[in-house]
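Work through these exercises with the model open beside you. Try each task before you read its solution.

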Amino acid sequence: MDLLNTLVDKGLRRELPTREEALAVLATSDDDLLDMVAAAGKVRRHWFGRRVKLNYLVNLKSGLCPEDCSYCSQRLGSKADILKYTWLKPDEASRAAAAGLAGGAKRVCLVASGRGPTDRDVDRVSDTIKTIKEQNEGVEVCACLGLLSDGQAERLREAGADAYNHNLNTSEGTYADITTTHTYADRVDTVHKAHAAGLSACSGLIAGMGESDEDLVDVVFSLRELDPDSVPVNFLIPFEGTPLAKEWNLTPQRCLRILAMTRFVCPDVEVRIAGGREVHLRTMQPLALHLANSIFLGDYLTSEGQAGKADLEMIADAGFEVEGAGEVTLPEHRVAAAGGCGSVCGSHEDAGCGSHAEAGCGSHEGAGVCGTATVAATQEPRTDLVAVRRRGAGTDLAPNA
(Lines give C-alpha, C1' and ligand atoms only; values in the text may rest on other atoms or scores of the structure.)
Protein backbone atom coordinates (compact mmCIF):
# COMPACT_ATOMS: atom_id res chain seq x y z
CA MET A 1 0.00 0.00 0.00
CA ASP A 2 1.36 3.42 -0.99
CA LEU A 3 0.04 4.93 2.25
CA LEU A 4 1.94 2.48 4.43
CA ASN A 5 5.16 2.88 2.45
CA THR A 6 4.85 6.64 2.83
CA LEU A 7 4.23 6.36 6.58
CA VAL A 8 7.22 4.06 7.06
CA ASP A 9 9.49 6.43 5.14
CA LYS A 10 8.28 9.38 7.18
CA GLY A 11 8.67 7.46 10.45
CA LEU A 12 12.28 6.57 9.67
CA ARG A 13 12.97 10.26 8.98
CA ARG A 14 10.98 11.48 12.02
CA GLU A 15 8.75 13.40 9.63
CA LEU A 16 5.21 14.23 10.79
CA PRO A 17 2.46 12.51 8.77
CA THR A 18 -0.40 14.61 7.50
CA ARG A 19 -3.68 14.59 9.39
CA GLU A 20 -5.25 12.79 6.44
CA GLU A 21 -2.64 10.04 6.65
CA ALA A 22 -3.16 9.65 10.40
CA LEU A 23 -6.93 9.44 9.91
CA ALA A 24 -6.42 6.85 7.17
CA VAL A 25 -4.57 4.61 9.65
CA LEU A 26 -7.57 4.70 11.97
CA ALA A 27 -9.83 3.86 9.02
CA THR A 28 -7.78 0.82 7.95
CA SER A 29 -9.97 -2.17 7.10
CA ASP A 30 -9.67 -5.44 8.99
CA ASP A 31 -8.37 -7.03 5.77
CA ASP A 32 -5.41 -4.61 5.80
CA LEU A 33 -4.85 -4.62 9.56
CA LEU A 34 -1.82 -6.93 9.59
CA ASP A 35 -0.16 -4.93 6.80
CA MET A 36 -0.62 -1.79 8.90
CA VAL A 37 0.85 -3.47 11.99
CA ALA A 38 3.82 -4.71 9.96
CA ALA A 39 4.47 -1.21 8.59
CA ALA A 40 4.34 0.47 12.00
CA GLY A 41 6.46 -2.39 13.33
CA LYS A 42 9.26 -1.40 10.96
CA VAL A 43 9.30 2.07 12.50
CA ARG A 44 9.22 0.66 16.03
CA ARG A 45 12.14 -1.72 15.33
CA HIS A 46 14.19 1.00 13.63
CA TRP A 47 14.19 3.16 16.76
CA PHE A 48 13.85 0.57 19.55
CA GLY A 49 14.79 -2.83 18.15
CA ARG A 50 12.91 -5.68 19.82
CA ARG A 51 13.29 -4.30 23.34
CA VAL A 52 10.31 -3.90 25.68
CA LYS A 53 10.66 -1.55 28.63
CA LEU A 54 8.84 -2.61 31.79
CA ASN A 55 7.35 -0.01 34.14
CA TYR A 56 5.82 -0.60 37.55
CA LEU A 57 3.12 1.48 39.23
CA VAL A 58 3.04 2.29 42.92
CA ASN A 59 -0.15 4.03 44.02
CA LEU A 60 1.08 6.25 46.86
CA LYS A 61 -2.37 7.56 47.82
CA SER A 62 -5.59 6.02 46.55
CA GLY A 63 -9.08 7.46 46.12
CA LEU A 64 -10.86 10.51 47.49
CA CYS A 65 -9.78 12.85 44.69
CA PRO A 66 -11.52 16.27 44.51
CA GLU A 67 -11.39 16.33 40.69
CA ASP A 68 -14.37 15.16 38.63
CA CYS A 69 -12.69 13.36 35.68
CA SER A 70 -15.47 11.19 34.27
CA TYR A 71 -13.29 8.17 33.54
CA CYS A 72 -11.57 7.89 36.90
CA SER A 73 -12.47 5.42 39.64
CA GLN A 74 -10.90 7.79 42.20
CA ARG A 75 -12.91 10.84 41.11
CA LEU A 76 -15.13 13.04 43.23
CA GLY A 77 -18.41 11.18 43.68
CA SER A 78 -17.10 7.84 42.43
CA LYS A 79 -19.04 4.85 43.70
CA ALA A 80 -16.42 2.37 42.50
CA ASP A 81 -15.47 -0.06 45.25
CA ILE A 82 -11.74 0.65 45.10
CA LEU A 83 -9.03 0.68 47.75
CA LYS A 84 -8.85 3.99 49.61
CA TYR A 85 -5.84 4.96 51.74
CA THR A 86 -3.67 7.93 52.54
CA TRP A 87 0.04 8.37 51.78
CA LEU A 88 2.31 5.33 51.95
CA LYS A 89 5.42 5.80 54.06
CA PRO A 90 8.72 5.88 52.13
CA ASP A 91 9.72 2.38 53.26
CA GLU A 92 6.29 1.00 52.30
CA ALA A 93 6.55 2.55 48.85
CA SER A 94 10.10 1.27 48.44
CA ARG A 95 9.04 -2.29 49.29
CA ALA A 96 6.25 -2.07 46.73
CA ALA A 97 8.69 -0.75 44.13
CA ALA A 98 11.19 -3.52 44.88
CA ALA A 99 8.61 -6.15 43.92
CA GLY A 100 8.23 -4.63 40.46
CA LEU A 101 11.96 -4.23 40.00
CA ALA A 102 12.49 -7.87 40.94
CA GLY A 103 10.02 -8.77 38.22
CA GLY A 104 12.08 -6.98 35.57
CA ALA A 105 10.83 -3.37 35.70
CA LYS A 106 13.43 -0.63 35.19
CA ARG A 107 11.15 2.31 35.97
CA VAL A 108 8.92 2.90 38.98
CA CYS A 109 5.99 5.29 38.55
CA LEU A 110 4.89 6.95 41.79
CA VAL A 111 1.28 8.10 41.49
CA ALA A 112 -0.97 9.94 43.93
CA SER A 113 -4.60 10.95 43.53
CA GLY A 114 -5.49 14.61 43.85
CA ARG A 115 -5.56 17.87 41.94
CA GLY A 116 -1.90 18.47 42.59
CA PRO A 117 0.67 18.27 45.39
CA THR A 118 1.08 20.73 48.21
CA ASP A 119 4.64 21.68 49.11
CA ARG A 120 4.39 19.26 52.04
CA ASP A 121 3.34 16.53 49.58
CA VAL A 122 6.40 17.28 47.45
CA ASP A 123 8.58 16.89 50.55
CA ARG A 124 6.89 13.57 51.28
CA VAL A 125 7.35 12.28 47.74
CA SER A 126 10.93 13.54 47.66
CA ASP A 127 11.71 11.44 50.72
CA THR A 128 10.11 8.45 49.00
CA ILE A 129 12.15 8.96 45.83
CA LYS A 130 15.37 9.16 47.83
CA THR A 131 14.49 6.00 49.78
CA ILE A 132 13.68 4.04 46.61
CA LYS A 133 16.89 5.15 44.91
CA GLU A 134 19.01 4.35 47.96
CA GLN A 135 17.54 0.86 48.25
CA ASN A 136 17.33 0.02 44.53
CA GLU A 137 20.42 0.87 42.52
CA GLY A 138 19.90 2.14 38.98
CA VAL A 139 16.13 2.50 39.16
CA GLU A 140 14.35 5.21 37.17
CA VAL A 141 11.62 7.09 39.03
CA CYS A 142 8.72 8.90 37.40
CA ALA A 143 6.37 11.00 39.55
CA CYS A 144 2.71 11.50 38.69
CA LEU A 145 1.14 13.83 41.23
CA GLY A 146 -1.21 16.06 39.27
CA LEU A 147 -0.94 19.74 38.40
CA LEU A 148 2.36 21.29 39.46
CA SER A 149 2.91 24.72 40.98
CA ASP A 150 5.97 26.84 40.25
CA GLY A 151 9.17 25.32 41.62
CA GLN A 152 7.74 21.89 42.42
CA ALA A 153 9.16 20.16 39.34
CA GLU A 154 12.62 21.48 40.22
CA ARG A 155 12.32 20.11 43.75
CA LEU A 156 11.32 16.68 42.47
CA ARG A 157 14.28 16.72 40.09
CA GLU A 158 16.62 17.65 42.96
CA ALA A 159 15.23 14.72 44.96
CA GLY A 160 16.22 12.33 42.18
CA ALA A 161 13.11 12.06 40.00
CA ASP A 162 13.97 11.23 36.40
CA ALA A 163 10.59 11.94 34.82
CA TYR A 164 7.16 13.43 35.36
CA ASN A 165 3.91 12.07 33.96
CA HIS A 166 0.89 14.17 33.17
CA ASN A 167 -1.47 13.05 30.41
CA LEU A 168 -3.44 15.24 28.06
CA ASN A 169 -5.95 12.39 27.86
CA THR A 170 -8.07 13.75 25.02
CA SER A 171 -8.30 16.56 22.51
CA GLU A 172 -8.56 20.19 23.58
CA GLY A 173 -11.93 20.48 21.87
CA THR A 174 -13.53 17.70 23.92
CA TYR A 175 -11.66 18.16 27.21
CA ALA A 176 -14.47 20.03 28.94
CA ASP A 177 -16.74 17.03 28.33
CA ILE A 178 -14.73 14.87 30.74
CA THR A 179 -13.81 17.24 33.53
CA THR A 180 -14.86 20.65 34.81
CA THR A 181 -12.48 21.09 37.75
CA HIS A 182 -9.40 21.89 35.68
CA THR A 183 -8.63 22.68 32.03
CA TYR A 184 -6.69 21.25 29.13
CA ALA A 185 -4.39 24.29 29.37
CA ASP A 186 -3.63 23.39 33.00
CA ARG A 187 -2.35 20.02 31.84
CA VAL A 188 -0.23 21.48 29.07
CA ASP A 189 1.28 23.91 31.56
CA THR A 190 2.34 21.07 33.86
CA VAL A 191 4.08 19.22 31.01
CA HIS A 192 5.93 22.45 30.19
CA LYS A 193 6.97 22.80 33.85
CA ALA A 194 8.39 19.26 33.83
CA HIS A 195 10.33 19.96 30.65
CA ALA A 196 11.70 23.23 31.99
CA ALA A 197 12.92 21.56 35.17
CA GLY A 198 14.97 19.03 33.21
CA LEU A 199 12.64 16.11 33.85
CA SER A 200 11.87 13.64 31.11
CA ALA A 201 8.27 14.42 30.19
CA CYS A 202 5.70 11.64 29.96
CA SER A 203 2.28 12.47 28.55
CA GLY A 204 -0.34 10.38 26.81
CA LEU A 205 -3.98 9.77 26.09
CA ILE A 206 -7.03 7.68 26.94
CA ALA A 207 -8.99 6.06 24.13
CA GLY A 208 -12.44 4.53 24.23
CA MET A 209 -14.47 7.34 25.73
CA GLY A 210 -16.67 7.79 22.69
CA GLU A 211 -14.26 10.18 20.99
CA SER A 212 -14.05 10.55 17.21
CA ASP A 213 -11.12 9.67 15.00
CA GLU A 214 -10.51 13.40 14.63
CA ASP A 215 -10.24 13.75 18.43
CA LEU A 216 -7.67 10.97 18.58
CA VAL A 217 -5.57 12.54 15.85
CA ASP A 218 -5.87 15.95 17.55
CA VAL A 219 -4.53 14.72 20.87
CA VAL A 220 -1.68 12.68 19.36
CA PHE A 221 -0.64 15.63 17.19
CA SER A 222 -0.74 17.83 20.31
CA LEU A 223 1.49 15.32 22.08
CA ARG A 224 3.94 15.38 19.19
CA GLU A 225 4.09 19.18 19.55
CA LEU A 226 4.71 18.91 23.31
CA ASP A 227 7.54 16.47 22.54
CA PRO A 228 7.43 14.14 25.56
CA ASP A 229 9.93 11.28 25.74
CA SER A 230 7.15 8.84 26.57
CA VAL A 231 3.55 8.54 25.39
CA PRO A 232 1.33 6.13 27.36
CA VAL A 233 -1.75 4.96 25.45
CA ASN A 234 -4.51 4.07 27.90
CA PHE A 235 -7.73 2.31 26.98
CA LEU A 236 -10.74 3.20 29.08
CA ILE A 237 -11.50 0.77 31.89
CA PRO A 238 -15.26 1.27 32.38
CA PHE A 239 -15.50 1.03 36.16
CA GLU A 240 -18.93 0.52 37.65
CA GLY A 241 -19.71 3.58 39.74
CA THR A 242 -18.21 6.08 37.26
CA PRO A 243 -20.01 8.14 34.58
CA LEU A 244 -18.37 6.14 31.78
CA ALA A 245 -19.23 2.69 33.09
CA LYS A 246 -21.34 1.96 30.01
CA GLU A 247 -18.74 3.05 27.45
CA TRP A 248 -17.55 -0.07 25.61
CA ASN A 249 -16.40 1.39 22.30
CA LEU A 250 -13.17 -0.52 21.67
CA THR A 251 -12.29 -3.70 19.84
CA PRO A 252 -8.82 -5.28 19.71
CA GLN A 253 -8.54 -4.15 16.10
CA ARG A 254 -9.34 -0.52 16.93
CA CYS A 255 -6.78 -0.57 19.74
CA LEU A 256 -4.13 -1.75 17.27
CA ARG A 257 -5.04 1.04 14.85
CA ILE A 258 -4.76 3.64 17.62
CA LEU A 259 -1.34 2.33 18.66
CA ALA A 260 -0.14 2.27 15.05
CA MET A 261 -1.29 5.84 14.45
CA THR A 262 0.51 6.93 17.62
CA ARG A 263 3.71 5.21 16.47
CA PHE A 264 3.61 6.86 13.05
CA VAL A 265 3.02 10.33 14.56
CA CYS A 266 5.56 9.82 17.39
CA PRO A 267 8.06 7.43 15.78
CA ASP A 268 11.06 7.87 18.07
CA VAL A 269 9.41 8.15 21.49
CA GLU A 270 8.61 5.47 24.03
CA VAL A 271 5.06 4.41 23.21
CA ARG A 272 3.62 2.53 26.17
CA ILE A 273 0.60 0.25 26.21
CA ALA A 274 -0.89 1.33 29.50
CA GLY A 275 -4.14 0.75 31.36
CA GLY A 276 -6.86 -1.34 29.80
CA ARG A 277 -4.73 -3.49 27.49
CA GLU A 278 -5.94 -6.71 29.10
CA VAL A 279 -9.57 -5.58 28.89
CA HIS A 280 -9.57 -4.44 25.25
CA LEU A 281 -6.61 -6.03 23.43
CA ARG A 282 -7.03 -9.36 25.21
CA THR A 283 -5.44 -12.15 23.13
CA MET A 284 -4.12 -9.55 20.66
CA GLN A 285 -1.70 -8.10 23.23
CA PRO A 286 1.38 -9.78 21.71
CA LEU A 287 0.60 -8.18 18.33
CA ALA A 288 0.57 -4.77 20.01
CA LEU A 289 4.22 -5.25 21.02
CA HIS A 290 5.09 -4.72 17.36
CA LEU A 291 3.75 -1.16 17.77
CA ALA A 292 4.66 -0.16 21.34
CA ASN A 293 8.01 -0.63 23.05
CA SER A 294 6.86 -0.31 26.65
CA ILE A 295 4.22 -1.75 29.01
CA PHE A 296 3.27 -1.72 32.67
CA LEU A 297 4.13 -4.87 34.59
CA GLY A 298 1.38 -6.45 36.68
CA ASP A 299 -1.38 -4.42 38.32
CA TYR A 300 -2.40 -0.79 37.82
CA LEU A 301 -3.56 1.85 40.28
CA THR A 302 -6.99 0.62 41.25
CA SER A 303 -7.46 -2.31 38.85
CA GLU A 304 -5.77 -5.67 38.46
CA GLY A 305 -3.68 -6.35 35.40
CA GLN A 306 -2.34 -9.49 33.84
CA ALA A 307 -0.03 -11.52 36.08
CA GLY A 308 3.54 -10.27 35.92
CA LYS A 309 4.76 -13.77 35.00
CA ALA A 310 2.32 -13.84 32.09
CA ASP A 311 3.62 -10.46 30.90
CA LEU A 312 7.17 -11.84 30.76
CA GLU A 313 6.06 -15.01 28.99
CA MET A 314 4.10 -12.96 26.45
CA ILE A 315 7.16 -10.83 25.65
CA ALA A 316 9.40 -13.86 25.20
CA ASP A 317 6.87 -15.88 23.19
CA ALA A 318 6.34 -12.94 20.81
CA GLY A 319 10.08 -12.81 20.09
CA PHE A 320 10.85 -9.66 22.07
CA GLU A 321 13.22 -9.11 24.99
CA VAL A 322 12.96 -7.17 28.24
CA GLU A 323 15.06 -4.01 28.21
CA GLY A 324 17.87 -4.22 30.75
CA ALA A 325 18.41 -1.73 33.54
CA GLY A 326 21.68 -0.57 31.97
CA GLU A 327 20.26 -0.05 28.49
CA VAL A 328 19.29 3.38 27.21
CA THR A 329 15.64 3.50 26.20
CA LEU A 330 15.61 6.48 23.87
CA PRO A 331 17.41 6.91 20.54
CA GLU A 332 20.70 8.77 20.80
CA HIS A 333 19.40 12.00 19.27
CA ARG A 334 16.65 12.29 21.90
CA VAL A 335 19.08 11.63 24.75
CA ALA A 336 21.39 14.35 23.46
CA ALA A 337 18.51 16.79 23.09
CA ALA A 338 17.52 16.17 26.70
CA GLY A 339 20.97 17.18 27.87
CA GLY A 340 21.44 13.83 29.52
CA CYS A 341 18.21 13.86 31.48
CA GLY A 342 16.22 10.80 30.86
CA SER A 343 19.09 9.06 29.14
CA VAL A 344 17.56 5.86 30.33
CA CYS A 345 14.18 7.36 30.75
CA GLY A 346 11.55 7.08 28.46
CA SER A 347 6.22 7.58 30.08
CA HIS A 348 4.39 8.40 30.11
CA GLU A 349 3.57 6.55 33.08
CA ASP A 350 1.87 6.75 32.29
CA ALA A 351 -0.62 10.32 31.75
CA GLY A 352 -1.98 13.29 33.04
CA CYS A 353 -2.03 12.91 36.48
CA GLY A 354 -4.36 14.01 38.83
CA SER A 355 -3.12 10.98 38.89
CA HIS A 356 -5.39 8.27 38.88
CA ALA A 357 -4.18 6.32 36.03
CA GLU A 358 -5.88 3.19 35.76
CA ALA A 359 -3.42 2.73 33.55
CA GLY A 360 -0.43 4.07 33.89
CA CYS A 361 1.10 6.87 35.12
CA GLY A 362 -1.27 8.78 33.51
CA SER A 363 -3.35 9.84 35.96
CA HIS A 364 -6.82 9.37 35.65
CA GLU A 365 -6.56 6.93 33.08
CA GLY A 366 -9.36 5.38 31.46
CA ALA A 367 -11.11 8.32 30.32
CA GLY A 368 -14.19 9.29 28.68
CA VAL A 369 -14.99 11.87 26.18
CA CYS A 370 -18.17 12.58 24.48
CA GLY A 371 -17.35 13.07 20.86
CA THR A 372 -18.93 12.62 17.53
CA ALA A 373 -17.54 9.19 17.17
CA THR A 374 -16.52 7.36 14.08
CA VAL A 375 -15.97 4.36 16.25
CA ALA A 376 -15.78 0.75 15.23
CA ALA A 377 -18.73 -1.44 16.09
CA THR A 378 -19.03 -1.66 19.83
CA GLN A 379 -18.21 -4.92 21.51
CA GLU A 380 -20.18 -6.71 24.13
CA PRO A 381 -19.21 -5.36 27.57
CA ARG A 382 -16.48 -7.50 29.16
CA THR A 383 -17.18 -6.57 32.74
CA ASP A 384 -15.65 -9.89 33.77
CA LEU A 385 -12.24 -8.45 32.82
CA VAL A 386 -12.54 -5.39 35.08
CA ALA A 387 -11.23 -6.39 38.50
CA VAL A 388 -10.55 -3.99 41.37
CA ARG A 389 -7.04 -4.27 42.80
CA ARG A 390 -7.06 -5.90 46.24
CA ARG A 391 -3.34 -6.64 46.64
CA GLY A 392 -0.07 -4.74 46.71
CA ALA A 393 0.24 -1.12 47.83
CA GLY A 394 -2.23 -0.20 50.57
CA THR A 395 -2.87 -3.86 51.56
CA ASP A 396 -1.12 -6.60 53.49
CA LEU A 397 -1.04 -8.88 50.43
CA ALA A 398 1.95 -9.38 48.14
CA PRO A 399 1.81 -7.34 44.93
CA ASN A 400 1.45 -8.82 41.48
CA ALA A 401 4.77 -8.31 39.75
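**Exercise 1. Helix H1**

Against which helices do the buried residues of H1 pack?

*Ground rules.* This is a predicted model, in which local features need pLDDT of at least 70, side-chain atom pairs count only at pLDDT 80 or more, and totals for chains, interfaces and linings use all residues. Numbering starts from 1 along each chain as its sequence is written, and side-chain values use heavy atoms, with hydrogens and water left out.

*Solution.* 

Step 1. Locate the helix. H1 covers residues 2–13. Helices (H or I, at least four residues) and strands (E, at least two) are DSSP runs, numbered from the N terminus.

Step 2. Check its length. The expected span is 1.5 Å times one less than the number of residues.

Step 3. List the buried residues. Buried means under 20% relative accessible area, exposed over 50%, and partly exposed in between (1.4 Å probe, protein chains only). In H1, Leu4, Leu7, Val8, Lys10 and Gly11 are buried. They fall within an arc of 165 degrees seen down the axis, so they line one face of the helix. The arc is taken over the directions from the helix axis to the C-beta atoms.

Step 4. Find the partners. With contact set as heavy atoms within 4.5 Å, the buried residues of H1 pack against helix H2 (19–26), helix H3 (33–48) and helix H9 (252–265).

Step 5. Asp2 and Arg13 are exposed on the face turned away from the buried side. Arg14 follows H1 and has a positive phi, near 60 degrees.

**Exercise 2. Helix H7**

Name what covers the buried residues of H7.

*Solution.* 

Step 1. H7 runs over residues 184–196. Its 13 residues should span 18 Å, and the end C-alpha atoms are 19 Å apart, which agrees.

Step 2. The buried residues are Tyr184, Arg187, Val188, Thr190, Val191, Lys193 and Ala194.

Step 3. Their cover includes helix H6 (152–159), strand S4 (163–165), strand S5 (200–202) and helix H8 (213–226).

Step 4. Just after H7, Gly198 takes a positive phi of about 90 degrees.

**Exercise 3. Charged pairs**

How many salt bridges does a search of the whole structure find?

*Solution.* 

Step 1. Set the cut-off. A salt bridge is a side-chain nitrogen of Lys or Arg within 4 Å of a carboxyl oxygen of Asp or Glu. The search finds 25.

Step 2. Take Arg51 and Glu323, whose side chains meet at 2.5 Å, N to O. Arg51 is in strand S1 (residues 51–61) and Glu323 in the loop between strand S10 (321–322) and helix H13 (332–337), so the pair ties together parts 272 residues apart in sequence. Both residues are buried.

Step 3. Compare Lys246 and Glu240, bridged at 3.9 Å. Lys246 is exposed at 69% relative accessibility. Glu240 is partly exposed, at 48%.

Step 4. Elsewhere, shared partners join Lys53, Arg107, Glu140, Glu270 and Arg272 into one salt-bridge network.

**Exercise 4. Nonpolar cores**

Which residues touch the most other members of the largest nonpolar core?

*Solution.* 

Step 1. A nonpolar core is a set of buried Ala, Val, Leu, Ile, Met, Phe, Trp, Tyr and Cys residues joined through side-chain atoms within 4.5 Å.

Step 2. The largest has 97 residues, and Val58, Tyr71, Leu156, Phe235, Leu259, Met261 and Ile273 touch the most other members.

Step 3. Another core of 10 residues lies apart from it, with Leu57, Cys144, Ala163 and Phe296 among them.
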